[in-house]
Amino acid sequence: MIKRAEIAGYEGLVLTVDAQVAGARLRDVRNGLTVPPTLTLNTFLNAVPRPGWWWNFLTKEPLNFAALESWNGTVAQLMDTMFDPSMTYDDLKWIRSIWKKKLIVKGVQRLDDALKCADYGVDAVVLSNHGGRQLDRAPVPFELLPEVRRELKSSMELHIDTGIMHGADIVAAKALGADFTWIGRAYLYGLMAGGKIGVERTLTILQTQMVRTLKLLGANSIAEVDASMIKFLK
Ligand SMILES: Cc1cc2nc3c(=O)[nH]c(=O)nc-3n(C[C@H](O)[C@H](O)[C@H](O)COP(=O)(O)O)c2cc1C
């Protein structure tokens, strides 16, 4: 896959390290989140008042993922078949040696792991607990961020996701030292509500919220925010 990504001209490789086995995603099972989606009585009732959904469902090409075509179970079951839970830092070293472009490790949840990734020549880590979809009660990335920023002496980029649902979340993460924030569910909600236009709308909403937050903080740009503007409620 790495070779294929390289030949296809991808610039960055994201190695997700917090999904070595699937979390117990009970809602996925309950809601029929399989590939292809399962039409349960609940999904059926949910769709009754949504004629646009029915129109798409009945007239458009069915939802399909080339990589998952021959799989009939849930995504979690697929993960348990595909992923290797015995992976170690030696594997990271190997990946670093064969992938010369940007390497990002996603799902880092401890200070020592973040620092170790920097030692292994990783270009960026994403502090993330997978939106709580993996280990329930895992550390909150936003709370981990300040100490990682404080202790990180290298130029490795610090990214964060999990719970970025408002422009103010992005400002707050930046203020605590994140170089980037990622969004998962926020854009998916936009996608589900309105396709491409829905995703664009998500970005517009986040941007508007960010700008208003900056104005209310008295900052002229995102570069002006810092930790003194953030208060943790303990
Ligand atoms: C439907 C769905 C599919 C996801 N698939 C992946 C994936 O394939 N690889 C991955 O690293 N993270 C995956 N994630 C996790 C997201 O990348 C992200 O870490 C998580 O949703 C937290 O961010 P959020 O709070 O903005 O949603 C997925 C999340 C959702 C909701």
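**Getting to know this fold**

The centres of domain 1 and domain 2, taken over C-alpha atoms, are 29 Å apart; the domain bounds come from an automatic or database domain assignment. This is a predicted model, in which local features need pLDDT of at least 70 and side-chain atom pairs count only at pLDDT 80 or more, while totals for chains, interfaces and linings use all residues. Residues are numbered from 1 along each chain as its sequence is written.

Q: Which residues make up domain 1 and domain 2?
A: The chain is divided into two stretches that carry these names. Domain 1 covers 26–80, and domain 2 covers 183–234.

Q: How many helices and strands are there in the chain?
A: Let us first say what counts: helices (H or I, at least four residues) and strands (E, at least two) are DSSP runs, numbered from the N terminus. By that rule the chain has 10 helices and 5 strands.

Q: In what order do the strands form the open sheet?
A: Two strands pair if DSSP finds at least two bridges between them. Here 5 strands form an open sheet with parallel pairing, and their order is S1-S2-S3-S4-S5.

Q: Which are the edge strands?
A: Look for strands that pair on one side only. These are strand S1 (12–16) and strand S5 (180–181).

Q: How many bridges join S1 to S2?
A: These strands run parallel. One place to look is Gly12, which stands opposite Lys102 in S2. The number of bridges joining S1 to S2 is 5.

Q: What is the bridge partner of Ile104 in S3?
A: S2 and S3 pair in the parallel sense over 4 bridges. In S3, the partner of Ile104 is Ala124.

Q: Which residue in S5 stands opposite Ile160?
A: Strand S4 (residues 157–160) runs parallel to S5, and 2 bridges join them. Opposite Ile160 stands Thr181.

Q: Is S2 largely enclosed or open?
A: A residue is buried if 20 or more other C-beta atoms lie within 10 Å of its own, exposed if 12 or fewer, and partly exposed in between, with C-beta atoms placed from the backbone. In S2, 5 of the 7 residues are buried, so the rest of the structure leaves this strand largely enclosed.

Q: Why does Thr81 count as exposed?
A: Thr81 sits in helix H5 (residues 75–82). It counts as exposed because its C-beta neighbours inside 10 Å number 9.

Q: What is the phi of His130?
A: Most residues other than glycine have a negative phi. His130 lies in the loop between S3 and helix H8 (141–151), and is partly exposed because 19 other C-beta atoms lie within 10 Å. Although it is not a glycine, His130 has a positive phi of about 65°.

Q: Which loop residue has a phi near 75°?
A: This residue lies in the loop between S3 and H8.

Q: How many residues surround the ligand?
A: A residue is near a molecule if its C-beta atom, placed from the backbone, lies within 6 Å of it. The closest are Thr16, Gly131, Asp161, Gly184 and Arg185, and the number surrounding the ligand is 14.
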